[in-house]
Amino acid sequence: MKILMVLTSHDRLGNTGKPAGFWLEEFAAPYYVFKDAGAEVTIASPKGGQPPIDPKSDEPASRTAAMERFKEDPAAREALANTLKLGEVNQEDYDAVFYPGGHGPMWDLVNDRNSIALIEGFYDAGKPVAAVCHGPAVLTQVTHRGEPIVKGRRVTGFTNSEEEAVQLTDVVPFLVEDELKRLGGRYEKAEDWADFTVVDGRLVTGQNPSSSTSAARELLKLLQ
């Protein structure tokens, strides 16, 4: 069982000058769900090498057991520091793909031609595609049979009210909830910050950082 995880290479919140990147829990929790299930995990990013971690996700108040495990795992840290370049990755080599969020993907992965082609390749080959929090934003330019991949499908992602709570509504290029709805997705959500994951066929989406583990587990179910 081989799973590809795709992380952002973007490290700035729009033109605010503030740092961004991927949300550490959204990588660490799924990473260990996959590893503990015996999966071989490969990590890629648009630029390759070390992807930027959103510093807010690494503050003491945000730390989780998976994050602490990651910090004490030299092999995992080494793998993260040496991600493959996304353009050199081939979907034929993997059984599924998982996109952690953080705000970074909103600026690079959403428009990345390699990422879009990769997701379309996985989906067209009958393989599961999963994303959590801001990760579902990467689906917004992906098509399947000439239609948005989310059209008519049950999906979730970071809510408008969660974006408002972190005071970035006017900073992000678009709101994940609004865009998924605009494209015809059957958007669903739970209470802000609650663990909530939706599965529709081969598409798995999680609402927020709390949904990272459940999204990864649902992806595993599709592979098993």
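Which residues in α1 are buried? In this predicted model, they are Leu24, Glu25, Glu26, Phe27, Ala28, Ala29, Pro30, Tyr31, Tyr32, Val33 and Phe34. That makes α1 mostly covered, with 11 of its 13 residues buried. The notes below take the helix, the cores and the strand pairing in turn.

**Helix α1**
- Helix α1 covers residues 24-36; at 1.5 Å a residue its 13 residues should span 18 Å, and the end C-alpha atoms are 18 Å apart, so the two values agree.

**Nonpolar cores**
- The largest nonpolar core holds 33 residues; Leu4, Val6, Tyr99, Leu118, Ile119, Val129 and Leu139 touch the most other members.
- Two or more residues come from each of β1 (2-6), β4 (96-99), α4 (113-124), β5 (129-132) and α6 (176-182).
- α4 contributes the most to this core, with 5 residues.
- Beyond its neighbours within four places in sequence, Tyr99 is in contact with residues including Val6, Leu118, Ile119, Ala130 and Val138.
- A second, separate core has 31 residues, among them Leu24, Val33, Ala66 and Ala215.

**Strand β5 and its partners**
- β5 is covered on both faces: Val129 and Ala131 are buried on one side, Ala130 and Val132 on the other.
- β4 pairs with β5 in the parallel sense over 3 bridges, and Val97 has Val129 as its bridge partner.
- The chain runs from β4 through α4 to β5 in a right-handed β-α-β crossover.
- β11 (residues 203-206) also pairs with β5 in the parallel sense, over 4 bridges.
- In β11, Thr205 stands opposite Ala131.

Conventions. Residues are numbered from 1 along each chain as its sequence is written. This is a predicted model: local features need pLDDT of at least 70, side-chain atom pairs count only at pLDDT 80 or more; totals for chains, interfaces and linings use all residues. Side-chain values use heavy atoms; hydrogens and water are left out. A nonpolar core is a set of buried Ala, Val, Leu, Ile, Met, Phe, Trp, Tyr and Cys residues joined through side-chain atoms within 4.5 Å. Buried means under 20% relative accessible area, exposed over 50%, partly exposed in between (1.4 Å probe, protein chains only). Contact means heavy atoms within 4.5 Å. The expected span of a helix is 1.5 Å times one less than its number of residues. Two strands pair if DSSP finds at least two bridges between them. A crossover is right-handed if, with the strands pointing away from the viewer, the path from the first strand over the helix to the second runs clockwise.
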